[in-house]
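Here are my notes on the model, as numbered points. Please read them with the structure open.

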Amino acid sequence: MTMSVDLRLQQLWYGGSCWAVLLMPLSWLFGLLVALRRACFEVGVFRIHRLDKPVVVIGNLTVGGTGKTPLVIWLTHVLQTQGTTVAVITRGYGGE
């Protein structure tokens with residue numbers, strides 16, 4: 001039986017395998033790129049788009065299986081029962 005990509009990523013992420021250690025330099029590079037991107041926004045190289053409505057982003061908390069979708073469903077329901085109009089935008093698994 002083949003293991004799903006999601007399950008493999010979770011095992012790599014939490015399992016402490018040697019692959020995780022070998023990928024550590026890539027995580028440093030990613031952190032550097034994120035810091036550079038943030039600095040570009042702060043100094044005005046990249047434009048910031050302001051919206052007139054509140055935005056809640058739920059994602060990238062961890063690798064799969066942490067309940068992000070049920071959280072979105074619950075939060076949407078709570079906000080709608082309070083009379084708030086809600087729009088959910090998602091790329092979905094493997095989306096673009």
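1. Thr76 touches Val86 and Val88, leaving aside residues up to four places away in sequence; contact means heavy atoms within 4.5 Å. The model is predicted: local features need pLDDT of at least 70, side-chain atom pairs count only at pLDDT 80 or more, and totals for chains, interfaces and linings use all residues. Residues are numbered from 1 along each chain as its sequence is written, and side-chain values use heavy atoms, with hydrogens and water left out.

2. Thr76 sits in helix α4 (residues 68-81). Helices are DSSP runs of H or I, at least four residues, and strands are runs of E, at least two, numbered from the N terminus. The side chain of Thr76 reaches the backbone oxygen of Val72 at 2.7 Å.

3. Thr76 is buried, at a relative accessible area of 15%. Buried means under 20% relative accessible area, exposed over 50%, partly exposed in between (1.4 Å probe, protein chains only). Of the 96 residues of the protein, 3% count as buried.

4. The protein has four helices and zero strands. Along the sequence the pattern is α-α-α-α. Residues 24 or more positions apart make up 33% of the contacts with a separation of 6 or more.

5. What span should helix α3 (residues 24-43) have? Its 20 residues should span 28 Å at 1.5 Å a residue, and the end C-alpha atoms are 29 Å apart, which agrees. The expected span is 1.5 Å times one less than the number of residues. Gly44 follows α3, with a positive phi near 95°.

Technical notes. Polar contact = N/O pair within 3.5 Å; in protein donor to acceptor, adjacent residues only side chain to side chain.
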